[in-house]
Amino acid sequence: MVIALEYRENMRTNFRGLVAVLILALSCTTAVATERPNFLFLIADDLGVDALSMYGAEGDVAQTPTLDALAAEGLRFTRFWTQPSCTPSRAEMLTGRYGFRTGVTRQIGGVTDGKKPTPPDADDDTPRQGSSLPGRRVLAVIRSAEPTWGPSATEFTLPHALKALDPAYTAAAIGKWHLADTRNGWTEHPKITGFDHFAGSLGGFPEGYYAWNKLVDGEWSVAQGYGTSDKVDDALSWIASQDKNPWFLWLAFNAPHKPFHKPPAELINTPTLKVLDPQADPDENPLAYSTAMIEALDTEIGRLLSSMDAKTRANTFIVFLGDNGSDRHAVSPDRDPQRAKGTLYQGGIHTPLIVAGPGVPKGGTTDGLVKSVDLFAATVEIAGGDIRALVPRDIAIDSVSFVPYFSEPGQPSVRDFVYADFMPYTPTIDQGSYAISDGQFKYLVHRGQTEFYDLSTDPLETDNLLLRELTAEADIALGRLKARLERLRSDL
């Protein structure tokens, strides 16, 4: 779908004018709901389906009573794909557009133009794991000489769409951002993107879970405490301040992303994890520390949800997801660590998605194909809007709403394919890695090699069907996926 807007230099002025025009037009064509719903996005960092028992994970997996209860309260998606790393997945969710359209084809990293500000440092004796162990010094570290970029400041985002639908909507982003660079506004980027409030970190991972550089509406400080708990504190404070406004909260946790730090014992559910040695090197046993971090995340999400008043909770759609697959150092023993986060194998892009809220079937599951890009259209539809009317023309939107599964979870997939990629800095049709699937078969181009799998019988992708003669069914599916991929990527 292609829809239009001519951007000028003064983006903010133009956007306010656009909102006014859209609201006037919509008032003539769309019935406005008496009470708009709230939206709470809960984004876990580096959490694949291999980490949760509700997705069939076995062994010493995290105990997650809060997430289990949320799944029982809502709808669990079994075929949800993200991008293979943090920034591209987040950009897809915010824009409803594939990364090759926005230019966000890999995670942000590296020096941009040398103007990146340096936040204050924490003291050297800041505890790393809640013990007497000296912590890492908190610094704004540049690790790569080659820059990568976040979404342009001119992108039309989900907060923009909600506010165009109803200017009463307020929006906040709390926690990990990982979308800003010095071209798109750096510390101002969350505000440019449509969020009224930001409290969190701009980088890809915290300097530590007990001390980290924190940005609150443009002001830097060094935060201390336990990071996951701090984010929930900020979320509760912001929600309580919203009065009668409908709201959208983007709550992006760092957990269970590195560094692997033991959480406070009272947040951990599993007895053997409670007694992990806080002075040991977590990298010697990363899976155990990652599991403990997931349990602490679950506990803190429970505190957040239980602290919301009943009326607010009843009018709030809660979306929980992982932004990409599990870290290769913390995958379950039955998984190949070389096919985890950062790759287009299932271990890098198949993550949990749970949606709960008014009208969502309780305890349901759906096998429908869903991509991270689809959160845009679904959220707008739930709010009572139509992306065809709200999104500016001349902007290609790839988002497909998954709302139809609310009324009929077992219906055939609304999408006929899901697509993911991982591209170099300047993507072309002949470069990068990409994958496409119809739900059963998956075609993958990885480092110049082509692979083809039947996920229904080979979910861990161990049997490349291209190494032998294909069945008639597989051959037809391969031709269909290749043709669909060629049409999609012709926009590059």
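Predicted model: local features only at pLDDT ≥ 70, side-chain atom pairs only at ≥ 80, totals over all residues.

User: What should I understand by pairing, and in which sense do strand 3 and strand 11 pair?

Analyst: As a general idea, the strands of a sheet pair through backbone hydrogen bonds, in either a parallel or an antiparallel sense. In this structure strand 3 pairs with strand 11 (residues 364–371) in the parallel sense, over six bridges. To place these pairings on the chain, take leucine 75, whose bridge partner in strand 10 is valine 355, and tryptophan 81, whose bridge partner in strand 11 is lysine 371.

User: How many of the seven residues of strand 3 are buried?

Analyst: Six of the seven residues of strand 3 (residues 75–81) are buried, so the strand is largely enclosed by the rest of the structure.

User: Which strands does strand 9 join, and in which sense does each pair run?

Analyst: Strand 9 is joined to strand 2 (residues 38–44) by seven bridges, and these two run parallel, whereas strand 9 and strand 10 run antiparallel with four bridges between them.

User: Which residues point each way from strand 9, and are they buried or exposed?

Analyst: Thr316, Ile318, Phe320 and Gly322 point one way, while Phe317, Val319 and Leu321 point the other way, and all of them are buried. Strand 9 (residues 316–322) is accordingly described as mostly covered, with seven of its seven residues buried.

User: What is the strand order of the open sheet of four strands, and which are its edge strands?

Analyst: The order is 13-14-15-16, and the pairing is antiparallel. Strand 13 (418–422) and strand 16 (449–454) are the edge strands, each of them pairing on one side only. From one strand to the next, the twist averages 10 degrees. Looking at one of these pairings in detail, strand 15 (residues 441–446) and strand 16 run antiparallel and are joined by six bridges, and lysine 442 stands opposite tyrosine 453 in strand 16. Helix 15 (residues 472–489) packs on this sheet, touching strand 13, strand 14 (433–437), strand 15 and strand 16, and its direction makes about 55 degrees with that of strand 15.

User: How are two packed helices described, and what is the case for helix 2 and helix 9?

Analyst: Two packed helices are described by the angle between their axes and by the distance between those axes. Here the axes of helix 2 (residues 65–73) and helix 9 (residues 286–307) come within 7 Å and cross at roughly 55 degrees. Helix 2 and helix 9 are therefore oblique to each other. In their contact, Pro65, Thr66, Leu67 and Leu70 of helix 2 meet Asp298, Ile301, Gly302 and Leu305 of helix 9. The residues of this contact divide into five nonpolar, two polar and one charged.

User: Why is helix 3 described as largely enclosed?

Analyst: The reasoning rests on burial, for which the cut-off is under 20% relative accessible area. Ten of the ten residues of helix 3 (residues 86–95) are buried, so helix 3 is largely enclosed by the rest of the structure. The buried residues include Arg90 and Glu92. Just after helix 3, glycine 96 takes a positive phi of about 70 degrees. Helix 5 (residues 158–165) is likewise largely enclosed by the rest of the structure, because eight of its eight residues are buried; among them are His160 and Lys163.

User: Where is leucine 202 placed, and is leucine 202 buried or exposed?

Analyst: Leucine 202 lies in the loop between strand 5 (197–201) and strand 6 (211–216), and it is buried, with a relative accessible area of 4%. Leaving aside residues up to four places away in sequence, leucine 202 touches Trp177, His178, Leu179, Ala180, Trp186, Thr187, Leu215 and Trp220. The C-alpha atoms of leucine 202 and leucine 179 are separated by 7.3 Å, although these residues are 23 residues apart along the chain.

Methods
Residues numbered from 1 in each chain as written. Heavy atoms only, no water. Buried < 20%, exposed > 50% of the residue type's maximum accessible area, 1.4 Å probe, protein only. Contact = heavy atoms within 4.5 Å. Axes fitted to C-alpha atoms, helices over the stretch in contact; angles between N-to-C directions. Parallel < 35°, antiparallel > 145°, perpendicular 65-115°, else oblique. Nonpolar A, V, L, I, M, F, W, Y, C, P; charged D, E, K, R; others polar. Pairing = 2+ DSSP bridges.
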